[in-house]
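Reader: I'm new to this one. Can you walk me through it?
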Amino acid sequence: YAEAAVTVHQFDIVLDFLIINNTTKTLQNMNLELHTSGDLKIVDAPSKVTLAPKQSSRIQASIKVSSTENGVIFGNIVYDTTGA
């Protein structure tokens, strides 16, 4: 499970993510891969974490806006599981 809160400060966007492992397996090397389109650039990409069963983690990412044209932020969550 993942959710995000978006905070905008003029030309900076801060994304605060809450990631929850709702499974009974450990999620190793869990990585939130973010991508942008338009005049957006990822400044601080989220780092990889390992989540035990039912554990949660807060992850933050920073994005710089170059212009006020439209842009899109999208991504994937990828991970390894134990016993896979």
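Author: One term before we start: two strands pair if DSSP finds at least two bridges between them. With that, take strand β2 (residues 12-20) and strand β6 (residues 56-65): 9 bridges join them. The two run antiparallel. Keep in mind that this is a predicted model.

Reader: Which residue in β6 is the bridge partner of Asp 12?
Author: Lys 64 is the bridge partner of Asp 12.

Reader: Back up a bit. How many helices and strands does the protein chain have?
Author: The count is 0 helices and 7 strands. Along the sequence the pattern reads β-β-β-β-β-β-β.

Reader: In what order do the 4 strands of the open sheet come?
Author: The order is β1-β2-β6-β4, with antiparallel pairing. β1 (2-9) and β4 (40-44) are the edge strands, and each pairs on one side only. From one strand to the next, the twist averages 30 degrees.

Reader: How many bridges join β1 to β2?
Author: There are 8, and these strands run antiparallel.

Reader: Now the open sheet of 3 strands. What's the order there?
Author: β5-β3-β7, and the pairing is antiparallel. β5 (49-51) and β7 (72-81) are at the edges with a single partner strand each, so one side of each has no neighbour in the sheet. Neighbouring strands here are turned by 35 degrees against each other on average, direction ignored.

Reader: How many bridges join strand β3 to β5?
Author: 2 bridges join β3 (residues 27-37) to β5, and the strands run antiparallel. Met 30 has Val 49 in β5 as its bridge partner.

Reader: New topic: single residues. Where is Ser 62?
Author: Ser 62 sits in strand β6.

Reader: Buried or exposed, that Ser 62?
Author: Buried. The cut-off is under 20% relative accessible area. Ser 62 counts as buried because its relative accessibility is 19%.

Reader: What is Ser 62 in contact with, leaving aside its neighbours within four places in sequence?
Author: Ile 13, Val 14, Lys 41, Ile 42, Val 43 and Asp 44.

Reader: Next, Thr 24. Where is that found?
Author: Thr 24 is in the loop between β2 and β3.

Reader: Why does Thr 24 count as exposed?
Author: Exposed means over 50%. Thr 24 has 70% relative accessibility, so it counts as exposed.

Reader: And how far apart are Thr 24 and Pro 53?
Author: In sequence, 29 residues. In space, 4.8 Å from C-alpha to C-alpha.

Reader: Let's zoom out. What box do the C-alpha atoms of the protein chain fill?
Author: Roughly 45 × 20 × 15 Å, taken along the principal axes. Of the 84 residues in the chain, 27% are buried. The accessible surface comes to about 5500 Å², and 48% of that belongs to carbon and sulfur atoms.

Reader: What share of the contacts with a separation of 6 or more comes from residues 24 or more positions apart?
Author: 63% of them, in this chain.

Reader: Last one: charges. How many positive and negative side chains are there?
Author: 6 positive and 8 negative. The centres of the two sets lie 10 Å apart.

Note on methods
Residues numbered from 1 in each chain as written. Predicted model: local features only at pLDDT ≥ 70, side-chain atom pairs only at ≥ 80, totals over all residues. Heavy atoms only, no water. Buried < 20%, exposed > 50% of the residue type's maximum accessible area, 1.4 Å probe, protein only. Contact = heavy atoms within 4.5 Å. Areas by Shrake-Rupley, 256 points an atom, 1.4 Å probe, with all protein chains shown as cover. Lys, Arg positive; Asp, Glu negative; His and termini not counted. Charge placed at Lys NZ, Arg CZ, Asp CG, Glu CD. Axes fitted to C-alpha atoms, helices over the stretch in contact; angles between N-to-C directions.
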